[in-house]
Amino acid sequence: MSLIPYILAAEGLNKSFDGFKAINDLNFSLEKGELRTVIGPNGAGKTTFLDLITGRTKPDTGTLHFEQTNDLLKMNEYEIYRLGIGRKFQTPTVYTDHTVRENLLLSLAGPRSIWHSLFGKIRKEQEERMDEILHTIKLTSRAHAKAGSLAHGQKQWLEIGMLLAQDAKLLLVDEPAAGMTDEETYRTGELLLSLAGKHTIVVIEHDMTFVRQISQGRLVTVLHQGNVLCEGPVDKVQNDERVIEVYLGRKKKAA
Amino acid sequence: MNTPLSGKMPTIALAAVALFLVVIMPALNAGGIVSDFTLNTWGKYLCYAMLGIAVDLLWGYTGLLCLAQALFFSLGGYMFGMHLMLMIGKLGQYKSDLPDFMVFLGLKELPGFWQPFYSFPFATLMVLAVPGLLAWVFGYLAFRSRIKGVYFSILTQALTYAAWLIFLSNDIITMGGNNGFTDFRTVLGADIRSPETRRILYIASAVALTLIFIGCKWLTTSRFGLIQRAIRDSENRVLFSGYSAANFKLFVFVISGMIAAVGGALYVPQVGIINPGEMATANSLEAVVWVAVGGRGTLIGPIIGAIGVNRLKSWATTEYPDYWLIILGATFVLVVLFMPKGIVGIPGQIRAIIERRKHRQTIREEDLAAANPSPEAE
Amino acid sequence: MMRVLSGRAGAFGRICGCLAACLFALASPAGAQDESPGSVREVIAKATTTLDTDQQREMVEGLASADPDEVTIWLKKWKQGEIYLYQDAEGNDMAVTLSGDPDPEARFALASVATGEPVTGADGQVARATTDDLYLADTDSKLRRVMKDVTDRMELLSPDPKERVKAVKATGNQQDITKLPLLEQIKATEKNGKVKDALDEAIAMLKLRSEDPAVRQAAVLELGEMGSIASQGAIKTVRREAEEAGNAALVSACDRAQLDIDGHISRVNTVGTVFRGLSLGSILLVVAIGLAITFGLMGVINMAHGELIAVGAYTTYLVQNLFGAGIHMSPFGMTVSIPGMNLTGNSWGLYFLVAIPASFLTAAAVGILLERGIIRFLYKRPLESLLATWGVSMILQQLFRLIFGSNNVQVDSPAYLSGNWTVNDVIFGWNRVFVIAFAVLIIFLTWVVLNKTSLGLLIRAVMQNRAMAACMGVRTERVNMMTFGFGSGLAGLAGAFLSQIGNVGPNLGQNYIVDSFMTVVVGGVGNIIGTVISALGIGMADQSLQQILGNPVLGKILVLGAIILFLQWKPAGLFATRSRSLD
């Protein structure tokens with residue numbers, strides 16, 4: 001065990017769906033404040049891995065701990081969320097019938113009890129926090145529009161905003177740049193970089209330009225067939241023969 | 001979240017309606033302008049409206065289509081009915097302290113669980129407690145194992161069916177079997193059939209409906225209401241926002257069951273009978289029709305629907321008795337297909353159609369402009 | 001008349017064959033063979049006019065080898081005083097019966113017992129007489145006893161094994177020890193296994209009345225080993241008597257026999273319960289299989305599924321009437337009358353074979369109408385499809401009432417569906433056996449359609465990924481329609497079957513809707529095998545609980561409770577289909 005405590009540690013995870021091994025003896029650890037990018041071809045088990053962390057599915061075998069003491073396998077989705085683990089889904093999932101501001105309000109850090117939902121008052125600093133997030137995600141003007149009426153990219157931003165409102169310790173971000181323009185993608189990258197250090201972040205991404213932008217010498221993990229293929233800075237990873245063979249190589253040949 | 005203007009106008013209108021129902025109607029009845037029969041009929045409608053709100057709180061707001069709301073309604077009715085049965089005393093056909101059906105069954109003494117129902121406050125408490133407890137136990141099991149959508153509907157239908165079988169059979173529970181309870185005489189010492197008592201029962205129903213309306217308005221506009229609707233639209237996302245969807249659903253389910261039960265408890269003394277037929281799944285679905293017709297996801301919709309459909313029913317069952325079920329069924333099919341937001345949603349639907357027309361018009365104009373660029377541009 | 005009689009005797013002779021001939025040779029009094037017996041009528045006519053009672057009895061005993069039906073009829077007439085003695089012109093006694101209605105003077109026309117012809121009086125006209133003018137052909141107790149022996153023996157030797165079993169059992173229950181030699185005599189030549197078993201039981205029961213306690217004890221033990229349910233009462237009597245007589249060994253033998261019999265009864269009940277559970281499971285399966293398609297594969301909650309079942313049942317009713325007296329109804333105040341084929345018996349019974357495809361097609365047509373008219377607009381809104389189809393179910397129910405009336409209609413089972421087999425005291429009704437066989441057939445058919453036909457391939461493709469299938473050029477609209485039609489047709493088939501085991505009325509469908517939804521949910525939506533297992537499981541549980549609790553309602557409630565608890569453990573049913581999407 002290193003001196004810096006791991007915020008997330010997975011050991012020997014296995015998960016199969018009807019015979020298909022989605023996660024295969026996966027070991028993964030994350031230090032506090034890290035910004036980790038996870039790449040891998042389709043079916044590498046990236047999304048399933050996030051499902052395991054957030055309690056959406058349970059592994060067949062293995063252990064999964066958050067901040068050493070919290071056994072994630074014994075908790076359900078909302079209990080894991082309350083530990084401070086937030087997730088942005090691959091396809092933007094926001095409350096389409098609620099306004100943008102209501103979406104943020106539902107995500108704001110704070111008690112989650114029925115009692116509080118009935119009698120809890122919205123404090124002034126919470127209002128300010130929502131204004132601030134709206135500004136950050138550039139949706140101030142659409143604050144009272146229904147989230148369902150937003151463009152795809154805006155929904156992605158709103159979902160990131162919901163993560164910010166939650167003030168999570170660990171952010172799991174699944175393909176944030178999908179469906180965004182180049183400029184939006186760049187700004188998303190900047191936003192994630194600004195959060196690094198304060199929060200621990202895992203980003204799953206396909207877009208290599210984006211990966212280069214946010215990794216900046218940080219660790220990149222390559223998943224393949226539910227297992228960690230290799231880990232290292234983006235340049236090293238891109239030149240790794242195994243990676244080229246299973247992933248980048250195919251891309252290069254195609255190009 | 002309402003803007004001040006759109007918030008105040010309806011409030012005033014609703015207050016006027018409430019005043020009319022609670023004060024003016026009974027006053028007109030006392031003055032002989034509104035007949036006893038009409039007032040009694042409206043008393044029934046108001047009880048139906050409570051059932052409608054109970055259905056809507058689950059279906060319209062939380063996305064849970066429950067086919068057991070008529071069961072909770074009937075349970076409330078049965079609980080209060082037990083008290084009314086004991087209040088008959090020796091006035092029954094067999095001149096016995098026991099309710100007639102027990103004498104008929106050959107019972108010698110009152111079953112133990114009937115004993116406390118001599119007390120009016122106890123019976124009132126049970127009106128809320130028994131349906132509430134049933135809702136809690138069933139809801140706990142169903143929501144804990146994440147049974148939702150149509151599975152929940154089917155399971156509530158099974159619950160209703162089981163309860164119906166239990167109440168039909170006098171061997172399992174002594175609740176009057178097929179015939180249920182009837183022939184009530186007094187409530188709180190007053191003759192239950194006198195116009196004065198009926199007027200008071202009507203006022204009680206109107207007041208209960210008003211209070212339930214206000215309570216639900218507050219519930220659905222609080223942050224709780226936001227979560228409720230979030231569960232309806234994307235339950236899994238709610239879990240990933242850290243809310244225990246199961247607990248929230250359970251809370252709504254119990255509240256809704258109790259609201260239905262209050263409606264049932266006020267309904268039974270006004271119609272003078274309660275039997276297992278009242279809890280049938282078909283009755284729950286009929287209440288769903290009221291909500292669909294009136295407009296789900298609103299609180300005024302179920303009230304309009306319950307009163308409107310039942311007025312239609314009173315008319316149709318006398319004018320075209322053979323065709324009432326066909327009218328009801330067809331109404332339902334048409335509302336589901338063409339009026340998903342019900343009567344309340346009609347203005348919105350019309351507005352949407354006009355806007356779409358306008359939108360199409362502007363697009364067409366833009367297309368025309370694009371097809372024929374203005375000379376200046378060239 | 002003679003021609004007819006000899007014809008019947010001949011037929012009887014052929015049926016009985018050598019078996020009867022041998023037996024009669026043994027059983028009849030010596031010498032009977034030598035005399036020409038004459039027809040039954042002639043013997044009866046002669047016997048009634050004979051004054052010597054010994055001779056009378058001998059003649060009646062001689063009838064033992066004649067046509068049993070004829071003998072039974074005439075002996076009965078004799079016993080009941082329907083044969084009179086008439087003095088003809090020559091002053092001879094003649095056996096006659098009264099025929100036709102009396103004339104104003106209360107005189108009946110007379111018919112000769114010997115020939116069946118009208119009796120001609122002195123005036124050449126048909127002879128007439130009041131009952132007072134005639135002597136009744138008397139019987140005394142001895143003669144009646146002989147008569148009974150003759151008829152009993154005839155029943156015991158009936159050419160129909162079922163009749164023989166019945167007669168043997170009746171003899172056993174009467175416990176008339178004097179019949180023992182007769183039974184043993186019959187047993188020596190009996191070939192039919194079932195009759196032999198019945199004979200063993202009856203002989204043992206007769207022996208219970210033996211003078212010798214050792215014989216009684218042996219008989220008691222033997223009955224115990226046989227698991228003879230019928231002898232329980234008789235054994236109790238023996239035990240009581242043995243107790244009074246202080247015969248401890250016999251008492252304990254009785255107790256042991258009773259224990260054996262109890263064991264047999266519980267085995268019979270278990271097998272019976274399993275069989276009833278299997279048949280109830282098959283019924284559930286038959287009603288749920290259509291739902292497993294529309295709900296399980298397509299995700300459509302069709303609350304009108306029960307009414308589609310009723311459509312099938314009513315179609316069966318109509319086909320039945322077409323084969324019989326025709327259709328006569330007055331729907332909506334109109335009078336509809338379609339002449340039928342007026343078939344009877346077995347050819348009428350064939351109606352069911354026509355009703356099966358007819359009910360499938362009718363229900364499928366209604367289902368397709370429903371899909372095209374309503375359901376196709378609601379594929380993405382399952383709760384709404386539940387509500388809309390409920391509306392349809394109300395409309396259909398009321399239409400049934402308006403067309404066929406509020407009461408149940410009469411659907412009669414063909415002969416081949418209304419009998420039963422009894423194996424070792426367990427009753428297997430043919431209709432129930434048929435339902436089980438039919439369930440197997442339906443499952444097989446469904447499996448073939450889904451897995452071996454191109455329609456099945458398309459159905460599976462569309463159900464897995466509608467958008468993808470559409471991109472691949474599959475006409476998803478058409479596949480949806482066909483799938484729903486198929487599921488609805490299966491519901492119609494269920495209706496054809498329910499018409500054979502229950503009532504057909506407007507509420508038929510409502511009685512099965514909860515059960516069929518439960519079956520599909522427990523089995524796991526989208527899984528046919530799951531539906532099969534869950535149907536059989538629920539059927540078995542229901543029947544076992546009913547057997548254990550002795551209260552069908554309580555059993556049913558417990559099953560529903562068990563289902564809710566089962567879903568705690570496996571919320572997605574027995575066989576869950578997984579999905580990776582968020583909602």
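A residue counts as buried here when its relative accessible area is under 20%. By that cut-off, 56% of the 255 residues of chain A are buried in this predicted model.

On to the overall build. Chain A carries ten helices and ten strands. Its radius of gyration comes out at 19 Å, close to the 18 Å that the globule rule gives for 255 residues, so the chain is as compact as a globular protein of that length. Along the principal axes, the C-alpha atoms take up a box of roughly 55 × 40 × 40 Å. As for contacts, take those between residues at least 6 apart in sequence: 65% of them link residues at least 24 apart. Charges can be summed up briefly too, with 32 positive and 33 negative ones whose mean positions lie 2 Å apart.

Now for a sheet. Four strands of chain A make up an open sheet in the order S2-S1-S4-S5, and the pairing is antiparallel. Its edges are strand S2 (20-31) and strand S5 (70-71), each of which pairs on one side only. Strands of a sheet pair through backbone hydrogen bonds, in either a parallel or an antiparallel manner. Within chain A, strand S1 (residues 6-17) and strand S4 (residues 61-66) run antiparallel and are joined by five bridges. To pick out a residue pair, A:Leu8 has A:Phe66 of S4(A) as its bridge partner.

Note on methods:
Residues are numbered from 1 along each chain as its sequence is written. Chains are lettered from A and ligands numbered from 1 in the order in which they are written. This is a predicted model: local features need pLDDT of at least 70, side-chain atom pairs count only at pLDDT 80 or more; totals for chains, interfaces and linings use all residues. Side-chain values use heavy atoms; hydrogens and water are left out. Two strands pair if DSSP finds at least two bridges between them. Helices (H or I, at least four residues) and strands (E, at least two) are DSSP runs, numbered from the N terminus. The radius of gyration is taken over C-alpha atoms; the globule rule is 2.2 Å times the number of residues to the power 0.38. Buried means under 20% relative accessible area, exposed over 50%, partly exposed in between (1.4 Å probe, protein chains only). Contact means heavy atoms within 4.5 Å. Lys and Arg count as positive and Asp and Glu as negative; His and the chain ends are not counted. The place of a charge is taken as NZ of Lys, CZ of Arg, CG of Asp or CD of Glu.
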